[in-house]
Amino acid sequence: MSNVNRQSADVPRLLEALGIKYRSHGHELWAPCPHPDHKETRPSWSIGNNPQNQSNGSHYCFGCSFNGGPVDLVMAVRGLSMGGSRQWITDRGLWLKGSLPLAVTFEITKLLSNKLRIPSKLLSGHLGMWVTPVRKYALKRGLNDEQCTRWDICYAIDGAMGGRIVFPVKDENEEWLGWHARTFCNQDKRYKNASEGDGFDPGAIFGMRHWPPPDARAGLSLVLTEGALDALACERAGARFLAAVGGSEPQARQLLKLQQWERILVATDGDDAGDRLFRTIKIALGSRVDVRRVEIPCDADAAELTLETLRSLIWQAEGSERNPRSGSTEGRVVRRRRVVRRSVDPQR
Ligand SMILES: [Zn+2]
């Protein structure tokens, strides 16, 4: 998909023109997949609907991975060529006027209605335009441009977040609720997360902005990790819905949100802290949620594994029978094997 295909469209009118019936969930519109090869009745396809955001018009199907921008959508639904699709959209006046900025800088610390202080001096835009040290770091950790757009990942050179890559924690309306910020230049404190002093909502979870509505979650799994980088690795490995709780001690209000899922696959680090988080989730939610461990190898984290390894571990957890003796987690930990890592990050 080229950037030109990402030109912004009036998404609700585009869907109406294509005869796609949708339902709104924050800044996403959900519908059964419109790709003609994918017949379904339940919505697993969503398209961004926020003209202020780069992800406006970008769409993704969790069932068949059909994705792209408005042009790709029209090509698939109408069976048109790329040029024909662009013309089809033009003829109906469905393009949005004006182009989107490639980089946005928040110069002033904003105080929102929920009183979150968004860090100042954040830089965003396409990954290819990021300054070299942070771009290199992001690529080394496997991030791609698609994800940087989908999750509004940004960074700062100076200011309070200077030297950090920032993973915004937003709700489905794209409101900031908090952030996880990780150093890309070896600072002593690896992670800085928004605190309640910053106005952080203690119930916020990185990932929830792209969760489907609660009544559309039947049969779906949520993949849970400590940090955003691990969550995004799971996404690249095929996980549909993510939850990075921002450490190994989940907040009570986060647990309340997590209990609205049927199944949670816990892909925390293969160490004591990661096992502890799994047990915490299992004890807190196990009576109503099917909580399963993704067997991340000893002393590894999800982002260090090859995508093939991570994908097969997630699949194993997804396919495993529910263990009737839910207390027997220790045995699992002992069985864990070491697996060849994708790379070793000296900063870990
Ligand atoms: Zn599909």
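Guide: Let's start with pairing: two strands pair if DSSP finds at least two bridges between them. Keep in mind that this is a predicted model. Here 4 bridges join β14 to strand β15 (residues 290–293), so by the cut-off of at least two bridges they count as a pair. They run parallel, and Arg 263 stands opposite Asp 290 in β15.

Visitor: What makes β12 and β14 a pair?

Guide: The count again. Strand β12 (residues 221–225) and strand β14 (residues 263–266) share 4 bridges in the parallel sense, and pairing asks for at least two.

Visitor: Why are β13 and β15 said to stand at the edges?

Guide: The order of this open sheet of 4 strands is β13-β12-β14-β15, with parallel pairing. β13 (241–244) and β15 each have a single partner strand, so one side of each lacks a neighbour in the sheet. From one strand to the next, the twist averages 25°.

Visitor: Which helices lie on this sheet, and which strands do they meet?

Guide: Helix α6 (residues 228–236) packs on the sheet and touches β12 and β13, its direction making about 165° with that of β13. Helix α9 (residues 307–319) lies across β12, β14 and β15, running at about 140° to β14. There is also a right-handed β-α-β unit, made of β14, helix α8 (residues 272–285) and β15.

Visitor: How many bridges join β4 to β5?

Guide: Strand β4 (residues 59–61) and β5 are joined by 2 bridges and run antiparallel. The cut-off is at least two, so that count qualifies as a pair. His 59 stands opposite Gly 68 in β5. This belongs to an open sheet of 5 strands in the order β1-β2-β3-β4-β5, with antiparallel pairing. Its edge strands are β1 (23–25) and β5 (67–68), each pairing on one side only.

Visitor: Why is Gly 162 called partly exposed?

Guide: Count its neighbours: Gly 162 has 15 C-beta neighbours inside 10 Å. Buried takes 20 or more and exposed 12 or fewer, so a count in between is partly exposed. Gly 162 is found in the loop between β8 (154–156) and β9 (164–170). Leaving aside residues up to four places away in sequence, Gly 162 touches Ala 156 and Ile 157. Its C-alpha is separated by 9.9 Å from that of Pro 119, 43 residues apart along the chain.

Visitor: How do you know that the buried residues of α3 are on the same side?

Guide: The buried residues of helix α3 (residues 82–91) are Ser 85, Trp 88 and Ile 89. They cover an arc of only 95° around the axis, which puts them on the same side of α3. As a rule, an α-helix has 3.6 residues a turn, so residues three or four places apart point the same way. The buried residues of α3 pack against α2 (70–78), while the face turned away carries the exposed residues Gly 83, Thr 90 and Asp 91. After α3 comes Gly 93, with a positive phi near 65°.

Visitor: And what is the tally for the protein: how many helices and strands?

Guide: It comes to 10 helices and 15 strands. Buried residues make up 39% of the 348 residues.

Conventions:
Residues numbered from 1 in each chain as written. Predicted model: local features only at pLDDT ≥ 70, side-chain atom pairs only at ≥ 80, totals over all residues. Right-handed = clockwise from strand over helix to strand, strands pointing away. Contact = placed C-beta atoms within 7 Å. Axes fitted to C-alpha atoms, helices over the stretch in contact; angles between N-to-C directions. Arc of directions from axis to C-beta.
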